[in-house]
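Trainee: I've got a new structure open on my screen and would like to talk it through. Can we go over the pocket and the salt bridges?

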Amino acid sequence: MSVKVYADLMSQPARAIVLFCRAAGVPHEHIPIRIAKGEHTTDEYTTMNPLQKIPVIKDGDFTLTESVAMFRYLAREKDIADHWYPKDSKAQARVDEYLEWQHLNTRMQCAGYFRARWLIPILKQKQPNEKLVAQLRKGMEECLDTIEKTWLKEGNQKFMCGDTISVADILAACELEQPSMAGYDVRKDRPILSSYMTRVKDILNPHYDEVHTAVYKMTKKFGGKIPGVTDTKEN
């Protein structure tokens with residue numbers, strides 16, 4: 001049975017779920033949901049997810065609304081390679097360790113910077129709060145330092161949880177791409193993180209580039225500029 005994935009590919013966790021389904025060979029149907037058009041607030045969508053968040057998956061009559069829970073469910077229920085979410089208790093715990101850590105770190109820091117530096121100024125058509133942006137950038141860069149030093153072990157570990165790719169890397173890479181639309185490239189002057197991102201992308205392509213098409217277009221078109229507000233651009 002094909003899993004229905006309701007997702008806006010501008011959303012990091014939504015991209016991650018679609019990317020996982022494609023890379024792991026999970027039969028699925030991607031049903032585009034445009035947040036910008038308010039499609040996540042319709043009665044039909046709200047019936048599936050009263051919180052009106054993206055993504056949602058439906059597997060027959062079963063509906064699930066949190067991306068980390070989706071990874072775990074799909075790994076249990078579908079025929080996928082073990083490395084994505086290992087059955088071995090200790091190996092699985094390592095993946096879970098990152099999945100739990102990332103909520104208040106990779107996700108919160110990268111998304112927070114992206115929203116304050118680019119998304120909110122576009123929506124409100126106002127200059128970004130530079131004091132807040134500087135604070136969030138500092139927090140994000142500290143998070144990137146931790147990823148390089150602790151999770152990637154100063155470049156001595158290929159992936160977040162060991163020497164094989166897992167769902168942790170899919171989620172991490174999707175979050176790490178988000179600041180690029182705000183003009184911040186997490187790879188710049190970070191050879192360890194740059195090599196890691198290239199390694200993940202190479203393994204996941206062509207699916208990686210396909211799900212990031214909209215992100216690439218926004219980055220190329222605006223490069224951190226806030227349309228209608230400023231020509232500010234960060235490196």
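This is a predicted model: local features need pLDDT of at least 70, side-chain atom pairs count only at pLDDT 80 or more; totals for chains, interfaces and linings use all residues.

Trainee: Okay, is Arg-22 buried, partly exposed or exposed?

Mentor: Arg-22 pairs up with Glu-210 in a salt bridge, with the closest N and O atoms 3.3 Å apart. That pair ties helix 1 to helix 8, 188 residues apart. Arg-22 has 26% relative accessibility, so it counts as partly exposed.

Trainee: And which class does Glu-210 fall into?

Mentor: Buried would need under 20%, and exposed over 50%. Glu-210 has a relative accessible area of 40%, so its class is partly exposed.

Trainee: What about Glu-148 and Arg-190, buried or exposed?

Mentor: Their side chains meet in a salt bridge, 2.9 Å from N to O. Glu-148 sits in helix 5 and Arg-190 in the loop between helix 6 and helix 7, 42 residues apart. Both residues are buried.

Trainee: Which residues are linked with Arg-72 in a network of salt bridges?

Mentor: Start with the salt bridge between Arg-72 and Glu-100, at 3.1 Å from N to O. It joins helix 3 to helix 4. Besides Arg-72, the network takes in Asp-96 and Glu-100.

Trainee: Now the largest pocket: which helix gives the largest share of its lining?

Mentor: The pocket has a volume of about 1,200 Å³, and 35 residues line it. Of these, 18 are nonpolar, 10 polar and seven charged. The largest share, 12 residues, comes from helix 4.

Definitions and conventions: Residues are numbered from 1 along each chain as its sequence is written. Side-chain values use heavy atoms; hydrogens and water are left out. On a 1 Å grid over the protein atoms alone, a cavity is a set of points where a 1.4 Å probe fits but cannot get out, and a pocket is an open set with protein on both sides within 12 Å along at least five of seven lines; lining residues have an atom within 4 Å of a point. Grid points are joined across faces, edges and corners, and a volume is the space filled by probe spheres set on the points. Helices (H or I, at least four residues) and strands (E, at least two) are DSSP runs, numbered from the N terminus. Ala, Val, Leu, Ile, Met, Phe, Trp, Tyr, Cys and Pro count as nonpolar, Asp, Glu, Lys and Arg as charged, and the others, Gly among them, as polar. A salt bridge is a side-chain nitrogen of Lys or Arg within 4 Å of a carboxyl oxygen of Asp or Glu. Buried means under 20% relative accessible area, exposed over 50%, partly exposed in between (1.4 Å probe, protein chains only).
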